Amino acid sequence: MTTTVKKSGISGLRAMAKKRRLGTTIFMLLLALLAFGSFAPAFAPLHSFSSSHSDLATLNSVGNERKFEIADDMFWKDGKPFQIIGGDVHYFRVLPEYWEDRLLRAKALGLNTIQTYVAWNLHEPREGQLVFEGIADIFSFLNLCQKLDLLVMLRVGPYICAEWDFGGFPAWLLAIEPAVRLRSSDRAFIDLVERWWGILLPKIVSYAYKNGGPIMMVQIENEFGSYGDDKAYLHHLAKIARKHLGDDVILYTTDGGSRENLNKGTIPGDTVFSAVDFTTGDDPWPNFKLQKEFNAPGKSPPLSTLVSFCLLLSYQAISCY
């Protein structure tokens, strides 16, 4: 009897020890999991500029609502008056490894906004062949602007001029039969633009300022008033842009500072802001006064998007080229 009791006691002690070891093991595992959970973010991959453009919206999904708008003849950023001091840095004219350096230099000059065109022929050199890598990786460029706290005025064309081959149009447009009338309301041309913008604009909408990105304004066409007088064409462009970008991105046109150019190149009735161009040495105020006639009341902050050097003056907004 005594022997049996001792064996039972020993067995009980062994069972208790086993349970304690198991409990300790489980506790240590839980502690390790908690520790890993606490520090895991520190080991998460850093955001890469070459990552998908959709990452930007995810990174900026938390936070206060952002808003860039026009009111009282001023630009407003998050409820505060904002003066645009901008200049052009075209991603397709600079090797990607120098993008950040050039943007930092622009910022060191005092610029807070970068303008860049989008060259259709760079991104679709052959019909249906889309290129968004290397020097054509506009998303990495936009990510850099975001990183450096630079806003972006994106000039999407389809015609950009920019002293760029064929004004940014792909050469294959000339091979289409029957011939397409470029920069016009020709249905064949509008369909081509709609297809191209249907690829481009959904890719950049996550970079809109409201969505946490740097793009607060998008220019359609470029100085069309100096070329033609086809309001149907301009209205088509505004409609396509609104379809993909929504109402929170400011659409704008740019035309030379003459009544004739503004009459032909602006888009009244589509809530598209009209900016003016003028050259060095011109008195800007007559141009800005004329600009007001082509914008809705209270919706005409002075903005010139193309002058031959930076004018860091006290205007509400001035851009440099």
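This is a predicted model: local features need pLDDT of at least 70, side-chain atom pairs count only at pLDDT 80 or more; totals for chains, interfaces and linings use all residues.
Biologist: How many aromatic pairs does the count come to?

Modeller: The count comes to 22 aromatic pairs.

Biologist: Why is the pair of F68 and Y209 called edge-to-face?

Modeller: The ring centres of F68 and Y209 are 6.4 Å apart, and centres within 6.5 Å make a pair; their planes stand at 70°, and an angle over 60 degrees counts as edge-to-face, so the pair takes that name.

Biologist: Which parts does the pair of F68 and Y209 tie together?

Modeller: F68 belongs to strand β1, whereas Y209 sits in the loop between α6 (187-204) and β7 (215-219), so the pair ties together parts that are 141 residues apart in sequence.

Biologist: What makes F68 and Y209 count as buried?

Modeller: The cut-off for buried is under 20% relative accessible area; F68 has a relative accessibility of 5% and therefore counts as buried, and Y209, with 4%, counts as buried too.

Biologist: Are W285 and F288 buried, exposed or partly exposed?

Modeller: W285 has 45% relative accessibility, which falls between the 20% and 50% limits, so W285 counts as partly exposed; F288, with a relative accessible area of 4%, is buried.

Biologist: How do you know that R183 lies over the face of Y227?

Modeller: R183 is at 4.2 Å from the ring centre of Y227, and the distance limit is 6 Å, with a further condition of 35 degrees from the ring normal; K203 likewise lies over the face of F132, at 5.5 Å from the ring centre.

Biologist: What lines the largest pocket, and which residues lie nearest its centre?

Modeller: The largest pocket holds about 530 Å³ of space and is lined by 26 residues, of which I70, R242, I250, T271 and K299 lie nearest its centre. Two or more lining residues come from each of β1 (68-71), β8 (250-256) and β9 (273-277), and β1 gives the most, with three residues.

Biologist: How do the lining residues divide into nonpolar, polar and charged?

Modeller: The lining of the largest pocket has 12 nonpolar, four polar and 10 charged residues.

Definitions and conventions:
Residues are numbered from 1 along each chain as its sequence is written. Side-chain values use heavy atoms; hydrogens and water are left out. On a 1 Å grid over the protein atoms alone, a cavity is a set of points where a 1.4 Å probe fits but cannot get out, and a pocket is an open set with protein on both sides within 12 Å along at least five of seven lines; lining residues have an atom within 4 Å of a point. Grid points are joined across faces, edges and corners, and a volume is the space filled by probe spheres set on the points. Helices (H or I, at least four residues) and strands (E, at least two) are DSSP runs, numbered from the N terminus. Ala, Val, Leu, Ile, Met, Phe, Trp, Tyr, Cys and Pro count as nonpolar, Asp, Glu, Lys and Arg as charged, and the others, Gly among them, as polar. Rings of Phe, Tyr and Trp (its six-membered ring) pair if their centres lie within 6.5 Å; planes under 30 degrees apart count as stacked, over 60 as edge-to-face and the rest as tilted. Buried means under 20% relative accessible area, exposed over 50%, partly exposed in between (1.4 Å probe, protein chains only).
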